[in-house]
Amino acid sequence: MASGRRPEHRAPPEIFYNEDEARKYTSNTRMIEIQEQLSERAIELLALPDHPCFILDIGCGSGLSGESLTNQDHTWIGLDISPSMLEVATEREVEGDLLQSDMGQGIPFRPGTFDGAISVSAVQWLCNADKKYHHPQKRLYKFFSTLYASLARGARAVMQMYPENSEQLELITQQAMKAGFSGGLVIDFPNSTKAKKIFLCLFAGGTTQELPQALGTEDSRQGQISYTDKRERVRQIRNSKAPKKSRQWIMEKKERRRKQGRSCRPDTKFTGRKRPNSF
Amino acid sequence: MKLLTHNMLTSNIIKGVKNGYPLKISASDVQLIDVDFNPEFITRMIPKINWKVLHEAAQSLGHANDLPAELNAEYEADQEFLKKTHHVLLEVEVQEGDLICPETERKFPISHGIPNMLLKEEEI
């Protein structure tokens, strides 16, 4: 996603994910690593019971997310619209069964089939109208309502996505709620622009469940409005800024990095300690 | 496409189709693929499966292998039966052929083992 424009703006998914693009999902180790991390986290959020389950993978692509499912002994079916991506998945000999289908046209399965559904970086594609007869709102509703039906009661659907703006996010969540889902958003590392990841965590009926805890939000003060008097704020800033390279300055910097989910060395008594003066 | 997928698949996403189940299979190439036997998964899936549809589908492909037409009440302890079910559900794969909607006769082609469920503009 770092390369400027968003893929959704370039071409419809079945054309954007052509052979060249699909090939990246077998050769580009960075892309593979990111996809694997995202799918591991999505499966963690699914909170599946300890026995083997039957899972739907929406926008399975080359089957990277499916492999994580296979590793945990689950059986899965993968849907994707791009023939090139599916071809790569068959070449990789993934365990799951594959289906070429457009999620905006509905999920073609009997009611109550799946114990859970995951989707990695796919749902935001539905916000685009790639053909003249496409209505994003209708397609989203069709997708969520048929997905709701195909899930067993009490099952979860976890979708990692890259919404372009808050309007898109609202459109997606609104249609999901309209289709009957409960649940909400889990946002990992909300303080970082790069590590921030948005998961839509949906529950299909059953007992009321609590949303899982997001990563990297330990001491973010949510739902609180800080007291903002101008003079007070100026004083705070003046007092709070520690001199550069001081121990406090280093600790603050490390804390900031931790909040963004980046790596840094643990705090010890040696952190920021002055070196001995050897002449 | 495995018969497990076929057992769950419907064509009710087509406009005007109510049930769209079960889809008929006309296969020109069927292959057998080895899959690890997981008795717990099979036991858990059996209540979800429409047994009659599975039996008919397996028979139409010629891979029923004396799979009973009726589901026995005490299947959980019957390893032999679970193995047979495993074979039919997960190891028989339709590579080439068509899935046919029972209401509209619409054909969904299967190529390289992947059914194409994409609809046209007028079918949505």
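Q: How many of the 11 residues of strand β5 of chain A are buried?
A: Nine of them, so β5 (residues 151-161) is largely enclosed by the rest of the structure. Buried means under 20% relative accessible area, exposed over 50%, and partly exposed in between (1.4 Å probe, protein chains only). Strands are DSSP runs of E with at least two residues, helices are runs of H or I with at least four, and both are numbered from the N terminus.

Q: Before I go on, what kind of model is this, and how is it numbered?
A: It is a predicted model, where local features need pLDDT of at least 70, side-chain atom pairs count only at pLDDT 80 or more, and totals for chains, interfaces and linings use all residues. Residues are numbered from 1 along each chain as its sequence is written, chains are lettered from A and ligands numbered from 1 in the order in which they are written, and side-chain values use heavy atoms, with hydrogens and water left out.

Q: Back to β5(A). Which way does β4 of chain A run against it, parallel or antiparallel?
A: Parallel. Six bridges join β4 (residues 114-120) to β5(A). Two strands pair if DSSP finds at least two bridges between them.

Q: What stands opposite Ala117(A)?
A: Ala157(A), in β5(A).

Q: And chain A overall: how many helices and strands?
A: Chain A has 10 helices and seven strands. Of its 279 residues, 46% count as buried. The C-alpha trace spans about 75 × 45 × 45 Å along its principal axes.

Q: Switch to chain B. What is the strand order in the open sheet?
A: The order is β1-β2-β3-β4, four strands with antiparallel pairing. β1 (24-32) and β4 (114-115) stand at the edges with a single partner strand each, so one side of each has no neighbour in the sheet.

Q: How many bridges join β2 to β3 there?
A: Four, between β2 (residues 92-100) and β3 (residues 107-111) of chain B. One pairing puts Asp98(B) with Pro109(B) in β3(B).

Q: Salt bridges next. How many over all chains?
A: The count is 17. The rule is a side-chain nitrogen of Lys or Arg within 4 Å of a carboxyl oxygen of Asp or Glu.

Q: Which one crosses between chains?
A: Asp115(A) with Lys48(B) is a salt bridge, with the closest N and O atoms 2.8 Å apart. That pair runs from strand β4 of chain A to the loop between α2 (39-45) and α3 (51-61) of chain B. Asp115(A) is partly exposed at 23% relative accessible area. Lys48(B) is partly exposed too, at 21%.

Q: What about Glu44(A), which partner does it meet?
A: Arg41(A), at 3.2 Å, N to O. Both sit in helix α4 (residues 29-46) of chain A, three residues apart, about one turn of the helix. Glu44(A) is exposed, with a relative accessible area of 54%. Arg41(A) counts as buried at 9%.

Q: And Asp267(A), what does it bridge to?
A: Lys254(A), with the closest N and O atoms 3.2 Å apart. The pair links distant parts of the chain: Asp267(A) in the segment after α10 (247-259), Lys254(A) in helix α10, 13 residues apart. Salt bridges that share partners join Lys254(A), Glu255(A), Arg258(A) and Asp267(A) into one network. Lys254(A) is buried, at 12% relative accessible area, and Asp267(A) is partly exposed, at 38%.

Q: What is phi of Phe189(A)?
A: Near 50 degrees, a positive value in a residue other than glycine. Phe189(A) lies in the loop between β6 (182-188) and β7 (197-204) of chain A. Phi of His112(B) is also positive, near 50 degrees. His112(B) is in the loop between β3 and β4 of chain B, and counts as exposed at 60% relative accessibility. Most residues other than glycine have a negative phi, and most peptide bonds are trans.

Q: Last one. Is Gly66(A) buried or exposed?
A: Buried, at 0% relative accessibility. Gly66(A) is in helix α5 (residues 64-71) of chain A.
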